[in-house]
Amino acid sequence: MFKNKYIIGIVLAILTGFSSCADLDLAPLGSPEAGDISEERQAFLRLTAVYSVMKDFRYTWSMQCFGDVLSNDATYSGSSNDAQTFTLLENYQYQADHTEILNKYRYSYQCINKANLFIRDMEMADDALFSKYDKEQMIGEAKFIRAYTYFELVKTFGGVPCYTGVLDLDHERLGRASVEEIYSVIEQDLNDAVSVLPKKSEVANYESSYAGRITKGAAIAMQTRIYLYEKKYDEVKKAFEKFQNECGGEYSLVAPEDYTWQFSLDGEHCSSSILEVNMYNSSTQSSYNVNNGNRHVLMSMPRNMTIGFGCAQPTQALADAYDAEGDVIRKKTTLLSTEEAIEIETAAKGDVAPVTDDRTGWYNRKLYLAPGQREENRGNNQPTNLRLIRLAEVYLNYAEACYFSGDIANAQKYLNEVRSHVNLAPKNHTGSQLFEDIMNERHLEFGMEGFRFFDVVRVGWGEKVFNGTKKAEFGAKTPFSAGAEVLPIPQTEIDISDGLITN
């Protein structure tokens with residue numbers, strides 16, 4: 001737990017912002033609104049506003065409700081009403097008016113708009129204003145966030161409207177940009193960010209004053225992700241080599257005995273973590289849409305027995321995948337059985353209410369906080385960070401790129417680096433089985449972190465993996481078919497586009 005999880009508390013009351021280094025007890029100077037930047041404290045508040053949407057549950061819940069629930073790893077569950085609202089989505093019958101689709105789209109563009117305004121105004125700001133904060137670095141942070149957000153949009157919706165300037169109220173309507181055009185913007189923003197952001201080792205008192213802000217390591221790691229989705233395998237390898245050369249000494253996989261710990265409160269910003277959204281319990285900001293905590297915890301914990309809603313429950317299919325690999329460590333880290341949850345809650349509180357609406361017998365342990373760790377009275381403000389980029393992903397991105405470029409030795413090496421940190425024996429297959437091994441490793445390593453659906457569809461395995469047998473006992477029986485790789489743009493956006501946007 002680091003000091004800067006609690007900073008900018010007063011500023012967040014205005015911005016619903018993202019923790020970073022600032023003085024908690026000082027009244028905010030300047031304004032977070034767009035316009036000329038006249039002093040650097042104002043610029044920092046504006047950057048906080050850009051970060052703020054990444055903290056919003058409506059922006060990030062798609063990690064679970066799309067990335068996990070649309071795969072065979074989870075079902076939406078929750079109350080009968082919650083489960084019913086996702087039945088069609090789980091059957092790949094996407095509703096363009098679904099609330100979570102609208103949230104993802106709307107809050108992504110809110111984030112992009114804030115970034116565009118900030119970048120424009122910062123580029124026009126007088127360099128002489130800046131002494132405490134680095135002007136170019138702050139622009140780089142905003143560009144990373146814009147790139148991250150456009151990536152979230154393009155992987156979810158395919159081609160979407162794409163702009164990097166500030167739009168006037170009477171701007172010309174924008175249609176869908178091509179996927180290639182969007183990735184070009186993402187690549188440029190990340191290149192710009194890499195060139196100006198600091199490494200962890202270059203920041204004084206990193207853990208207490210900076211952890212949670214974007215670093216050079218995070219930007220290069222993100223490059224390995226976006227190039228992998230683009231199937232630019234040589235670029236993945238170049239980014240990985242740059243990461244290793246410039247930042248590799250700052251990160252390391254945790255030992256097997258610490259694997260579960262890295263997802264705990266004490267394990268935040270550990271050596272294996274590259275980017276996290278800082279979350280904390282705020283005494284003033286605790287509503288559904290304005291809070292400073294990790295609402296994913298509230299959504300995921302067992303229903304009725306805890307304050308949780310019991311949504312995005314892991315399935316037995318995911319448990320079976322861990323068992324098939326003999327993967328004890330990651331199964332224990334990822335999956336919490338109903339029986340164990342009852343034992344934990346009972347040991348801490350005595351008699352507890354029964355669990356209700358339990359459809360699978362499993363809960364997401366990576367998002368579970370036991371009594372004494374979680375916030376009971378302000379449930380939206382759970383204090384565990386949201387992990388966005390981990391070193392294991394960078395290694396597996398590289399392993400996959402090496403496989404497709406014929407570098408089998410390094411594909412095997414980095415696959416086995418990840419296996420070694422959960423005490424699994426190395427695998428040294430070649431050919432298509434090596435690719436199967438890498439994809440299976442991604443499945444187990446990133447269980448319930450929002451990767452699975454997007455990983456499967458990006459490699460063209462949707463019809464093979466999501467074949468209609470997934471979650472049959474919960475009513476989701478329709479097999480995946482071509483076209484279900486992307487979700488529809490919200491109907492409200494279609495309606496106001498004057499025919500420029502269609503699904």
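**Close-up views of a predicted model**

**View 1. Packing of helices α11 and α12.** The crossing of α11 and α12 is left-handed, meaning that the near helix is turned anticlockwise from the far one by less than a right angle. The structure is a predicted model in which local features need pLDDT of at least 70 and side-chain atom pairs count only at pLDDT 80 or more, while totals for chains, interfaces and linings use all residues. Residues are numbered from 1 along each chain as its sequence is written, and side-chain values use heavy atoms, with hydrogens and water left out. The axes of α11 and α12 (residues 233-247) come within 8 Å and cross at roughly 165°, which makes the two helices roughly antiparallel (angles over 145 degrees). Axes are lines fitted to C-alpha atoms over the stretch in contact, with angles from 0 to 180 degrees between N-to-C directions. Among the residues that meet are Ile-220, Thr-224 and Tyr-227 in α11 and Val-236, Phe-240 and Phe-243 in α12 (contact: heavy atoms within 4.5 Å).

View 2. Arg-213 lies in the loop between α10 (206-209) and α11 (216-230); helices are DSSP runs of H or I with at least four residues, and strands are runs of E with at least two, numbered from the N terminus. Arg-213 counts as buried because its relative accessibility is 5% (buried: under 20% relative accessible area, 1.4 Å probe, protein chains only). Its side chain makes a polar contact with the side chain of Glu-141 at 2.6 Å (a pair of N or O atoms within 3.5 Å, one able to donate a hydrogen and the other to accept it; residues adjacent in sequence count only if both atoms are side-chain atoms).

**View 3. Pairing of strands β2 and β6.** Strands β2 (residues 273-277) and β6 run antiparallel and are joined by four bridges (pairing requires at least two DSSP bridges). Ser-273 stands opposite Arg-390 in β6.

Notes:
Buried < 20%, exposed > 50% of the residue type's maximum accessible area, 1.4 Å probe, protein only. Parallel < 35°, antiparallel > 145°, perpendicular 65-115°, else oblique.
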